[in-house]
2 protein chains.
Amino acid sequence: MAADKARLIFQPSGRRGEVEKGMTIIEASRRVGVDIEALCGEKKVCGKCKVRIEEGFYEKYGIQSSRNNVSPWMEEEEKFVNAEQRELGYRLGCCAKIEGDLLIFVPEESRAGKQVVSKAARDIPIDWNPAVKEYYVEVIEPTFEHPTGDFERLQDELNRQFALRDLNIDYWALMKMPARLRDKRRWAMTVSVWMDKEIIRVLPGKREGANYGLAVDIGTTTVAAYFCNLKTMEVIETVSMMNPQCKYGEDVMSRITYHMMNEDGLERMSNDMIEGLNTLVKQAVESTYPPKKKKKTKEGEQVIETWEEVPEEGKIYLRLEPRDIVDMTIVCNTAMHHILLKLDPEFVGLAPFPPVIHRSLDIKARDLKIKINDSAYVHVLPNEAGFVGADNVGVLIAEAPYKSDEIQLLIDIGTNGELVLGNKEKLISSSCATGPALEGAQLAYGMRAAPGAIERIKINPETHETDYKVIGRDAWLSFSKPEEMKTKGICGSGILDVLAELYTAGVIMKSGVFNKTQKSNRFRLNADTKQPEFVIAWANETSIERDVVITQKDVRQIQLAKGALYTGCKLMMRKMNIDKVDVVKIAGAFGTHVDRTKALIMGLFPDCPIEKILSVGNAAGDGARAALLNREKRVEANWVSRNVEYIELTVEKDFQVQFMESMQIPHMKDAFPHLEGIVPAEVLHQK
Amino acid sequence: MAADKARLIFQPSGRRGEVEKGMTIIEASRRVGVDIEALCGEKKVCGKCKVRIEEGFYEKYGIQSSRNNVSPWMEEEEKFVNAEQRELGYRLGCCAKIEGDLLIFVPEESRAGKQVVSKAARDIPIDWNPAVKEYYVEVIEPTFEHPTGDFERLQDELNRQFALRDLNIDYWALMKMPARLRDKRRWAMTVSVWMDKEIIRVLPGKREGANYGLAVDIGTTTVAAYFCNLKTMEVIETVSMMNPQCKYGEDVMSRITYHMMNEDGLERMSNDMIEGLNTLVKQAVESTYPPKKKKKTKEGEQVIETWEEVPEEGKIYLRLEPRDIVDMTIVCNTAMHHILLKLDPEFVGLAPFPPVIHRSLDIKARDLKIKINDSAYVHVLPNEAGFVGADNVGVLIAEAPYKSDEIQLLIDIGTNGELVLGNKEKLISSSCATGPALEGAQLAYGMRAAPGAIERIKINPETHETDYKVIGRDAWLSFSKPEEMKTKGICGSGILDVLAELYTAGVIMKSGVFNKTQKSNRFRLNADTKQPEFVIAWANETSIERDVVITQKDVRQIQLAKGALYTGCKLMMRKMNIDKVDVVKIAGAFGTHVDRTKALIMGLFPDCPIEKILSVGNAAGDGARAALLNREKRVEANWVSRNVEYIELTVEKDFQVQFMESMQIPHMKDAFPHLEGIVPAEVLHQK
């Protein structure tokens, strides 16, 4: 083994590998295929990536592991690793660098677990009218009487049969055309035309439904894509991944800052995103092949390992390639948009936050180095404003409030909250800094939507005892043995449930402060922090051997987030001169999981009949899909992006006062007739 | 092959042969018919005969070339070949003796006499309407009331001031825009717009005439380009070079063959051409800097060489860069077109010769890897047919016979002859295989238009004595001492003169056969070949110490060429049902030099008043320039390329008979009233 390499074993998974010395444990874990939680993107601020370095000689692997084989202790680790843990060999994976052979134990709470992706495609009605359509033609052969050019003969035929006039052809497609025309299926071909303007693909013979598209939703944290057949509109596969830019900062502003602090920051972040998109493309097409299994065969002394396809019986595999993807649509917020396209995002982060460009862009995939069909365009949807991007436009074209009589309130909660209010008469939008609290981040026991995360809870108003359900287990606690729960924390959708239950049961007051009159031993002051906290799950119900609690600080975080959102809604309603909305639509992963009653109890938005609160799922992604399959949606997108009036909330009169009042659960002065009977009167009307 | 023989290939001419080992490269080059400069007469004192010995196996020729296959380095060479060149394989042709197979590259400066480039821009009237125009705008700054995107504010202003609606922006230009908008000349900028459609450049501040273009004429042998200011239409510089594809074959068919025989042949030839274009771009912009001189300074012991600019006093240098070139137009024949664009040229060489595409193409320079402005388009003019390419379209839009009442006959003589006949009613075109004889190639003493080449001649009908003029010397032989002439051979323009004079003086007959009754001792049978020949210049008038002669075979070659041309004209006139033309226009370098009376005497084309025979110079290049500076010409080009009817001559009825008759000087059966009085009656009317 080279002197600059080290051997690693990760436990309990047993995964191992050889890596260059000098890389952090987190980096190495990725190489080896071990998932360690790293919410902060290796900024050394979340403390989630705790691992234990074991000491000793491990005969089985032939390695001598030692704590001396990692880089020295760092100040940043103090905050998360206490003296006792340090004694046991605990380190932060993002701090400790590998200097020799190691056996690393990854404790349960540090294991990332496969994320439960909630960005499945919804069944929304889309009219079929994709930007790329296919046409089958048979072309006459050249003769001395008609020695016309290949392209012109093709063009004439497309004009004659399909009235496609003045067609261009992409240079890449043109290069491939002569050979394809003269394929064994001579002079018969299937031509793919983009926007009735440009030939982007020529395939020999008759090929139906050979064109695919990818509708991509680039979120600040997650990237999801729908892999669709452009003919049948069928979603072949939904693929997703973490946004690879997370390592440059969790939120939009920290990535803009990264760009400003690093000469090649923009280049790097963009390249990582492009690489990420290429990974999604690969995932998408690979889903059309049979799964593979390792096969061992013996040749004399040697054992040879090969991968072998294991097709499911009766299943047809399409075996597609990246070049079969001939169209791509992308929605994302304005900052992600600019970073992806290497457009200076600095000014999007500076008042008055002008984007570099609003309108949609059609850029050749090859210019972006996106590895789909060489001649394909990538359609990037338009931005509304600096803080309301193409993702919100995606929501708009999916939900089309501009065609509605009812006044709709659209709420898209991601790392940022984006709001649209109005109907076919008028639409206004704004954004509010909800922060990631509603998604469970930055809370003591917040975690991603992964197995072991609490997603539903009930608190008995009489006893203040809890009952809950975790992801990955159908049975609630009351129907399980404590040790079966293997609880780890609370995910985004659970957070709102917890708060609403705490409030309804009277554990916390309308102001968010813990009630003095508690009915259980779950309420306590934390010994270390002296902060009030409420135990949701006892240590024996968890896999992390600690009580899962919600702290006063957690409650405040959520109040800030929901207050920002509520203030946004209220100020927009004032702008529109209305005092109630007809429909509330909640988009985003958050919307999929949230209990609409709980959301109303929490006062995320003004009062509305419960049955008029709708979850519209990943509407941004649906918008991308709509634009992929129906080009009219692209026209609508450009129109709506310029016709929604953007309101900058923070400069609104009495924003501060409104914000303070909105922190109440629910808003103190506003009426919530639809909560009568749901929330006990004495709780709802407390002052 | 005998052991005492070696095989040689000279590049770029491609000439080859087998010679005895032991002879010098200079000696061998004469045998093979390659002109290498040797001013000192091989005395090893002028250093002009520098050549490069290439290393490697040349599959096409089946030879293994090596520097070990020449005699050892000689002291005399030190003076002329520096260490760096020696490293690269350079030798003096008079010193290095052949000891084995060789591939020898003759650099431009060693080729006998630097070629006189005759592709200077002609003063043709062009209406100013370039595809790329510049607009100066001042854009409002973004505010909270109008936080509109940068691009939209720019677009609004361009729409308001210049009625440029629905502008797009190239992705590359978009990336650069935000910084340029916020340059110290804040929010004021000069925008370059392509075809009123797409912004391709944003420069900060007011910049007038900052955009340049390059109009390129890619000939089979030579590539020439006009470097123009797009605002003033001024030709800043004319640059030219040998077509780098010459090494793959001298004519179009051999290059098509090279593609068919080599998997990566097309790729290679295209890449060489692109590299060549990039060299022209460099040459063009470098012409805008002061010349540089080497400067030696001493630092202690060391002599340091640096290059220093030596500006001419009072001269303003533009100091342009490739990115200042924002538009490029290209004309070339169909095969060169296809090879440049990597479009399979196989079918252009196969009956019925359909091109891959006729219509003009706008391809991003970056897609072609042409290093001008990143966002610029390259406009490739349309092809008429397999053998009549965009170069002919260039001639057409420069001369615009489609706007003329008179019936014009356009003749473009390059390596191929291209003909267009007609007026605004109708136009037909064809091509004929003239071969390179009219350009002086393949004749015993044919050479390029370079110093020492005979370009004008008179033969006394009484005595058959000659008087002539060579390029590089103003005085005719009759006013010079014989040794002052330093004659080397006959160039293209001289060839026609020679033949016409030989014919008019009665040295050769109408049939092309030498007359039996000769009046001088210049007519003789060659001792070696037993071929009749006529001495144009005696050895003592030459720098090659041999008589310069014209042989019977030479006369036949020219007759074949002129016969092909004349047949083309005649068959086209028959198609048009006309028996005379109003104007004859001769394009190409050939046209620039040719004496129109002599051309008529030779019977290159049917009878026409002498004053109606016009030389139109490099009309193809002029067409490229017209398309660069006037976008209407691009529309005309596409229209005319589809509305000129192409006639395949070789399939015409009685082509063979016509061809045989057309070999006569001039055509036997046709009347040439305009030659009466110019050619003696007994010569003109001989049977």
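**Where chains A and B meet**

In this predicted model, 44 residues of chain A are in contact (heavy atoms within 4.5 Å) with 44 residues of chain B. Local features need pLDDT of at least 70 and side-chain atom pairs count only at pLDDT 80 or more, while totals for chains, interfaces and linings use all residues. Residues are numbered from 1 along each chain as its sequence is written, and side-chain values use heavy atoms, with hydrogens and water left out.

*Buried area*

- About 3,500 Å² is buried between chain A and chain B, with carbon and sulfur atoms giving 67% of it; buried area is the accessible area (1.4 Å probe) that two parts lose on being put together, summed over both.
- On the side of chain A, the residues that lose the most area to chain B are A:Phe144, A:Tyr171 and A:Pro352, which together account for 18% of what that side buries.

*Salt bridges*

- Two salt bridges are counted between chain A and chain B, a salt bridge being a side-chain nitrogen of Lys or Arg within 4 Å of a carboxyl oxygen of Asp or Glu.
- A:Arg366 forms a salt bridge with B:Asp367, and their closest N and O atoms are 2.6 Å apart.

*Helices H5 and H6 of chain A*

- The axes (lines fitted to C-alpha atoms, for helices over the stretch in contact) of helix H5 (residues 252-261) and helix H6 (residues 265-286) of chain A come within 7 Å and cross at roughly 130 degrees.
- This contact is made by A:Arg255, A:Tyr258 and A:His259 of H5(A) together with A:Gly265, A:Leu266, A:Arg268 and A:Met269 of H6(A).

Definitions and conventions. Chains lettered and ligands numbered in written order. Axes fitted to C-alpha atoms, helices over the stretch in contact; angles between N-to-C directions. Helix = DSSP H or I, 4+ residues; strand = E, 2+ residues; numbered from the N terminus.
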